[in-house]
Amino acid sequence: MLQRIRVAAVALAVGAGALALAPAASAATGAKAPGISDVGISPSPPIVVFDNPVTATFSFTTKGAGKAELQLKAPGDVSVGTPVTLTPSPHGTETKWTGTRSFEAKDAGKWSFLVIAHGDKDESSARGTFEVRKALDTKIVDFDANPDLVSKGDLIRVSGRLLANGQGYGGQNVTITFREKGTDAFRHVTTTTTRGSGWFSTKVRADSTGWWRAEFAGNKFARSSVSDTDRVDVKFRNRDSRIVGFDAYPEPVNKGDRLNFTGVLQASGWDPLPGERVSIFFRSGGSDRWEYVTSDVTGRDGRFRAAATAVESGWWRAVFRGDDGVNGSVSDADWVTVNQPTPPPAAKSDSRLIKFDAYPEPAKRGHYLRFKGKLQIDDAGTWEGYGAKVRLYFKPKGSSHWQYVKTVWSTGSGKIYTKAKAWKSGTWKMVFRGDADFYGDTSRLDYVRVKR
């Protein structure tokens, strides 16, 4: 909406000091001078500039004038004003004049304008000022949710300070939001108002563990901002847990083979307990020391699955260390006998996988990774290429499990080439399991980072 300001015989200030007009002036010829009225600017001053330029529309109405001018002067400019192109349109018995000008953040300051209406013999003028401002940069500092550990339903105090261009920003609404542990979104909890110094403080009820923060939505003059988060842990009366159906298999197993572990984690009431880490420990026969080997996170049904390489006979068990509101538990121990594998026939010769490479690095998620290498066998002391099945394996970052990907044949000269799509960062390798004539071999490991 245009801010309307009529020319008067005295200076006028309209709005919050936004636009000031000096009295009209006319030539002293005795003839009736043209009239100037309804001087306005849209949007109403002050004109606040955020990231993009703001186009302001200037308008005024004249009576008895065949021509009009509008001149603008930038802050500190003492030269002749810059003219603004005007468009006239009939307005009853008067004429309405309209012009536009764009302002950027660098134009901030107090501008002045001059309106001139030209009659047949005389002219009238009106002067005024308006302000262009750069949007205030805001920041929420010293945000705190206290205390950090409470019982369910207790009140906590959240506080902080809203700054605008480094100074306390008072009288502004700040929203307190909360994101519960295990969720992705913050939800509105309450709203409070900053004091003159920019400080705010209010009490909220803590019903679950999660992160609190303060948000300022911004306004006509200032940008929005969000505080850092602060976690508050909520205590519940702990429930008991148990691990049932723990099994280490196969039994017995050959040394170097894969040993699997499975079981189910339950909470009191014996409902499945999902999303909890269960660790697998081993104690060799004759020892009283349990050693950590691997771990897995329970699924929706509370079940966990893990694997390790069989090295020696001994006891295996699963351990849940507990979590918020749930006590830890330990499974029954399961004994597994590890047999020494039968040595390979002496007639076999060695093989080797060389020049293995996974590329490009880094890879783009969902794009193909290419793999190359060379399989050679020892033929009476000479390494020669060999055609055979070679398997490609992948181990995701943070995992201890190798995943089978595909099988590819090497050429008669031993060259290997294949490709597979990359979804996660991790380590790649190729494995030749050997055959009746040659022992198997594993290539070097090649880690590839995958980016989005």
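A residue is called buried under 20% relative accessible area, exposed over 50%, and partly exposed in between (1.4 Å probe, protein chains only). By this rule Asp51 is exposed, with a relative accessible area of 63%. The model is predicted, so local features need pLDDT of at least 70 and side-chain atom pairs count only at pLDDT 80 or more, whereas totals for chains, interfaces and linings use all residues. Residues are numbered from 1 along each chain as its sequence is written, and side-chain values use heavy atoms, with hydrogens and water left out.

**Salt bridges**

- The structure holds 10 salt bridges, each defined as a side-chain nitrogen of Lys or Arg within 4 Å of a carboxyl oxygen of Asp or Glu.
- One of them joins Asp51 to Arg223, with the closest N and O atoms 2.7 Å apart.
- Asp51 lies in the loop between β5 (47-49) and β6 (54-63) and Arg223 in the loop between β20 (210-216) and β21 (225-226), so this pair ties together parts that are 172 residues apart in sequence.
- Arg223 is partly exposed, at 22% relative accessible area.
- Lys181 and Asp324 also meet in a salt bridge (3.7 Å, N to O).
- This pair ties together parts that are 143 residues apart in sequence, because Lys181 lies in the loop between β17 (173-180) and β18 (187-193) and Asp324 in the loop between β30 (314-320) and β31 (329-330).
- Lys181 is partly exposed, at 38%, and Asp324 is partly exposed, at 41%.

**A buried serine**

- Ser124 is placed in strand β12 (residues 123-134) and is buried, with a relative accessible area of 5%.
- A polar atom of the Ser124 side chain lies 2.6 Å from the backbone oxygen of Pro34.

Definitions and conventions: Helices (H or I, at least four residues) and strands (E, at least two) are DSSP runs, numbered from the N terminus. A polar contact is a pair of N or O atoms within 3.5 Å; within protein, one must be able to donate a hydrogen and the other to accept it, and residues adjacent in sequence count only if both atoms are side-chain atoms.
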